[in-house]
Amino acid sequence: MGKSDHTTERGRFWRIAGAGAAFQAGSAAIDSATIVASLVFQLTGSAFAVGFASAVLRLGWLLPQLVVGFLAERADRRMPFYVFGAFGRALMAGLIALLLWFGAGMSAVALGWVFLGLWTLYAFVSGVVAVPYNDIVGRSIPSEARSRMLAWRFFGGGIFALAVAAFVRLTLDILPNLQAYALIFGLAALLMVLSSMLFVSAGEPPIIPPKVGRKPPQDVRAFLSGGWHVLRTDSRFRLFLQSQWLGGATLMALPFYVVAANGSGVTVADVGLLLGAQTAGALVSNPVWGKLGDGAGKLRMLQTVALIRIVPPLLLLVLLGLGAGLWGYLALFALIGAMMNGVTIGYLGYLMEISPDDRRPAYSAYFNALASPAALLPLLGAGLISLTSIHAVFVAAILAAGAQLLLLLRISRLAPEGSR
């Protein structure tokens with residue numbers, strides 16, 4: 001490798017990490033488990049609306065990927081897909097900011113449902129980003145450096161997100177709620193524009209040619225048939241998909257942590273502190289996840305994260321039983337931040353790992369489309385709360401995390417990573 005090639009590789013590493021950090025900070029500002037959950041609950045008073053806001057964000061991220069994967073595999077470049085999704089989601093966040101700033105004359109419930117409509121558009125436009133992002137990063141960053149890049153992304157994003165959390169706290173303290181939330185969404189939109197510009201500036205490496213004898217699918221039927229073939233023949237892909245479903249079941253509790261905290265006396269203004277604690281937990285966990293993912297392997301990292309997933313819902317039940325105050329919930333949200341960072345780094349790293357270099361767009365599309373129904377599980381969580389109590393959703397999350405760990409341990413008994 002020549003010096004110029006090495007410089008280009010390093011430049012791509014840091015620009016991609018920087019783009020991820022800016023996006024991380026922007027998405028922290030409108031985090032669905034804290035900021036959006038609190039806003040939607042204030043406007044609608046509905047647990048189902050809170051569950052929908054969380055579910056549609058995940059569903060919108062996953063569902064478009066089948067279409068994007070088919071189109072991207074046939075395209076000479078994947079960056080245009082990224083540009084549409086990345087700048088599009090920034091535009092949607094900006095429109096939500098305008099809605100909240102000028103929507104004070106609307107009834108709270110009507111404003112809540114219009115917000116959820118724009119939030120749904122934001123989610124589905126965001127979903128266009130995933131396939132091109134995974135493919136471009138997979139071609140730009142070697143396997144042995146990906147977890148480190150993602151850890152730097154979340155570390156930098158965490159630093160910025162702490163400032164964002166302070167901004168959230170300040171605006172919720174000094175401004176009327178709607179104006180405060182409008183400024184928060186406006187800040188998120190600006191950070192997402194910065195993220196998009198950095199990623200585009202990193203450029204796109206040459207596309208890896210398909211293996212001898214394999215041609216891109218010529219029509220949708222062939223593309224879908226290829227997904228069914230992968231599901232039947234690739235055991236690691238299949239078990240990882242099943243584990244992702246169970247992971248979705250643990251995350252169905254995520255938007256209800258802040259609802260539980262609210263029921264324990266944590267105020268609206270304290271949501272900024274919870275976001276700060278969540279960000280701090282994510283920040284300090286980055287060195288651990290980066291070293292574990294690149295050192296012990298992506299699968300071992302996923303198994304560790306699955307074990308940790310059991311702790312937050314268990315701790316929440318303890319806090320509810322003790323009638324704990326703000327400090328207990330700050331510790332809980334710090335742990336949630338560390339866990340969610342591990343979830344994202346592990347999921348992205350392992351999906352890139354098990355995807356053949358020349359089929360990464362298709363594998364990303366197949367996996368995320370098949371995992372997308374799990375995004376609706378927060379609605380099941382809302383149903384559990386309505387029929388029983390808020391405790392039930394956290395008990396279900398504990399059971400799902402235990403089952404996920406068992407599935408991931410089964411993958412260890414298959415062929416080693418990288419044997420493909």
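Figure 1. A search of the whole structure, a predicted model, finds three cavities of 30 Å³ or more. The second largest cavity has a volume of about 70 Å³. Rolling a probe the size of a water molecule over the atoms shows where empty space is left.

**Figure 2. Lining of the second largest cavity.** Eleven positions are labelled in this close-up: Phe240, Ser243, Gln244, Leu302, Val305, Ala306, Arg309, Val343, Tyr347, Gln404 and Leu408. Together they line the second largest cavity. By class, the lining has seven nonpolar, three polar and one charged residue.

**Figure 3. Helices around the second largest cavity.** Helix H11 (235-251), helix H14 (298-309), helix H16 (326-354) and H19 each supply at least two residues of the lining. Which helix gives the most to the lining of this cavity? H14 does, with four residues.

**Figure 4. Packing of H18 on H19.** Two packed helices are described by the angle between their axes and the distance between the axes. Here the pair is helix H18 (residues 377-387) and helix H19 (residues 390-411). Their axes come within 6 Å. They cross at roughly 135°. H18 and H19 are therefore oblique to each other. The crossing of H18 with H19 is right-handed. On the H18 side, Gly381, Leu384 and Ile385 make the contact. The contact holds six nonpolar residues, one polar residue and no charged residue.

**Figure 5. Packing of H15 on H19.** H19 also meets helix H15 (residues 311-322), and the two axes come within 8 Å. The crossing angle is roughly 150°. How does H15 lie to H19, roughly parallel or roughly antiparallel? Angles over 145 degrees count as roughly antiparallel, so H15 is roughly antiparallel to H19. The crossing of this pair is left-handed. H15 brings Pro313, Leu314, Leu316, Leu317 and Leu320 to the contact. H19 brings Ile390, His391, Phe394, Val395, Ala397 and Ile398. The contact of H15 with H19 counts 10 nonpolar residues, one polar residue and no charged residue.

Figure 6. H19 is one of the helices that supply at least two residues of the lining of the second largest cavity.

Key
Residues are numbered from 1 along each chain as its sequence is written. This is a predicted model: local features need pLDDT of at least 70, side-chain atom pairs count only at pLDDT 80 or more; totals for chains, interfaces and linings use all residues. Side-chain values use heavy atoms; hydrogens and water are left out. Axes are lines fitted to C-alpha atoms, for helices over the stretch in contact, and angles run from 0 to 180 degrees between N-to-C directions. Angles under 35 degrees count as roughly parallel, over 145 as roughly antiparallel, 65 to 115 as roughly perpendicular and the rest as oblique. A crossing is left-handed if the near helix is turned anticlockwise from the far one by less than a right angle, and right-handed if clockwise. Contact means heavy atoms within 4.5 Å. Ala, Val, Leu, Ile, Met, Phe, Trp, Tyr, Cys and Pro count as nonpolar, Asp, Glu, Lys and Arg as charged, and the others, Gly among them, as polar. On a 1 Å grid over the protein atoms alone, a cavity is a set of points where a 1.4 Å probe fits but cannot get out, and a pocket is an open set with protein on both sides within 12 Å along at least five of seven lines; lining residues have an atom within 4 Å of a point. Grid points are joined across faces, edges and corners, and a volume is the space filled by probe spheres set on the points.
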